[in-house]
Amino acid sequence: MEKVALLLAGGLLIWTLILQRQQKHPPLPPGPPADPIIGHLRMIPKDDPGGFFYELSKKYGKIAHLRIPGRTMIILNSAQAAMDLLDKRSGIYSDRITSHVFELMGWAYNVGFFSYGERFRKHRRMLNDYLNHKKCQSYLPLQALEGRRLVQNLLYNPDRFGDHLNRFSTSLILRIAYGHEIVSGDDPFLKIVSDVEHCLSECAAPGSNLVDLMPISYFNGLNEGLFLIVKDLPSWFPGTYPANQARSYRHFIDLMHDYPVEHVQKQMVEGTAQASFLRNHLEGLQREGSDYPYTADDIKGVAAVMYTGGADTTWSTLSIFMLAMVLYPSVQAQAQEEIDESIGRDRLPNFNDRPNLPYIEGVLQETYRWNNTAPTGIPHCSMEDDIYNGMFIPKGSVIVANTRGITLDGDVYKEPRIFDPSRYLRGEPYPVGHFGFGRRICPGRHLADSSVWIAIASILAVFNISPVEEADGTPILPKEEFISGIASHPKPFKCRIVPRNEKARANAENGYD
């Protein structure tokens with residue numbers, strides 16, 4: 001009896017403490033009704049989670065919560081909330097949950113998935129040395145040169161515009177990271193980055209799948225508890241698809257990490273290696289050995305982040321721009337009119353023209369907003385309990401800054417599903433979140449922004465982009481459909497790309513001012 005009494009007393013004490021804890025903080029943000037035990041797990045879709053999270057905002061508000069076993073998800077569909085928490089309170093919102101899917105795929109040394117701490121800060125320092133705003137100013141001449149090459153490639157072979165966008169997006173970052181210059185369309189570096197882009201578009205976004213959100217499953221049978229690691233379960237087991245898919249992609253990710261390093265090491269032996277991030281750090285490692293502040297894995301991981309991060313997002317953004325130009329010919333015409341009036345028809349745009357082309361700037365910003373390349377980004381994780389606007393956010397919560405929902409916010413953007421660069425001339429704010437938030441903001445954002453701008457301005461100065469046509473002249477409009485994983489881009493589509501006039505053709509052929 002004494003043991004029973006002690007157990008009851010202990011249970012009552014624990015229950016009292018739980019109640020007291022619950023009474024100490026406000027309620028969670030609103031959210032939909034949950035299933036017993038599994039919470040909202042069944043509701044989270046495999047495809048287009050950004051669209052699903054946005055729909056939550058219509059019923060439950062711009063800050064909502066979802067629950068899964070052992071984890072709370074806080075969905076932010078408000079730019080203000082995302083900035084308040086992830087920027088202004090970045091000290092407690094800069095962590096990540098472990099992405100077992102991306103570790104299985106081979107991204108263990110990708111800083112984007114690191115927990116917040118010294119290793120994260122070390123990799124960010126390495127990136128910032130080559131991608132800070134001042135350093136990126138020195139890359140502008142190379143970006144302008146690649147913009148000229150892009151319009152030349154589009155001029156001579158417009159049907160392969162996707163390949164040309166990929167080459168443009170990859171060329172500069174290959175020079176910076178590896179000292180490698182692309183000289184042909186069959187360059188192995190292009191094939192590697194294309195394969196990795198496919199993996200990133202098809203895979204389950206980190207923090208949005210069963211393997212990441214609930215890595216350990218518990219079953220109670222035969223009076224014994226059984227803990228199962230979801231990522232290690234057989235392929236037929238429900239919920240394991242993301243892990244199996246990640247394993248199937250591992251070869252591509254390993255090749256992306258290893259091939260460039262082996263290539264540069266070989267060049268270093270031959271004495272032909274060009275100045276680059278990789279050569280600089282490999283030489284430092286050879287010179288100082290274990291005293292060097294960065295390991296071989298650090299160097300390889302950061303170089304790979306530069307390679308894929310810069311190429312993938314730029315290519316996706318430019319693909320979205322091309323789709324918008326096919327679907328919105330009046331926007332294209334107004335942009336071309338501004339270019340003609342501002343700089344004339346005797347040369348191609350350059351970076352000095354950017355302040356004088358506000359509508360082109362609007363086209364760029366609207367491309368970021370209309371269909372963002374990272375609809376949900378990579379979720380943050382809270383490191384402390386917090387209260388925001390009377391709502392409780394528990395420690396360890398998955399924080400999803402839903403860029404898709406933020407850019408569709410009808411309180412901020414009029415007719416948000418329409419591609420309308422004029423909205424910024426009317427005073428609507430530029431989009432936020434497409435490069436991330438807080439201490440997790442993309443370190444390559446300055447480089448990417450300049451690359452996208454020069455490509456957009458150059459393409460609009462030279463070409464008319466229109467739908468392909470049926471035999472009877474009926475235009476075939478592509479659908480606004482996207483492939484969406486951690487990265488998002490339009491499904492393959494066709495379009496006509498022709499010079500606006502003979503002067504534009506000559507400018508493209510000459511390539512220089």
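Where is the place of I37? Hi everyone, let's start there. I37 sits in the loop between α1 (2-24) and α2 (49-60), where helices (H or I, at least four residues) and strands (E, at least two) are DSSP runs, numbered from the N terminus.

A quick note on the source: this is a predicted model, where local features need pLDDT of at least 70, side-chain atom pairs count only at pLDDT 80 or more, and totals for chains, interfaces and linings use all residues. Residues are numbered from 1 along each chain as its sequence is written, and side-chain values use heavy atoms, with hydrogens and water left out.

Back to I37: although not a glycine, I37 has a positive phi of about 70 degrees. I37 is also exposed, at 81% relative accessibility; exposed means over 50% relative accessible area, buried under 20%, partly exposed in between (1.4 Å probe, protein chains only).

N389 also has a positive phi without being a glycine, near 50 degrees. N389 is in the loop between β6 (386-388) and β7 (391-393), and is exposed, with a relative accessible area of 61%.

Now for the inside. A nonpolar core here is a set of buried Ala, Val, Leu, Ile, Met, Phe, Trp, Tyr and Cys residues joined through side-chain atoms within 4.5 Å. The largest one has 53 residues, and M105, W107, Y178 and M306 have the most contacts inside it. Its largest share, 8 residues, comes from α13.

Take M306: leaving out residues up to four places away in sequence, M306 touches L127, Y130, L131, I173, I176, A177, F277 and A311, a contact being heavy atoms within 4.5 Å. Apart from this core lies another, of 52 residues, including F168, V331, L348 and A448.
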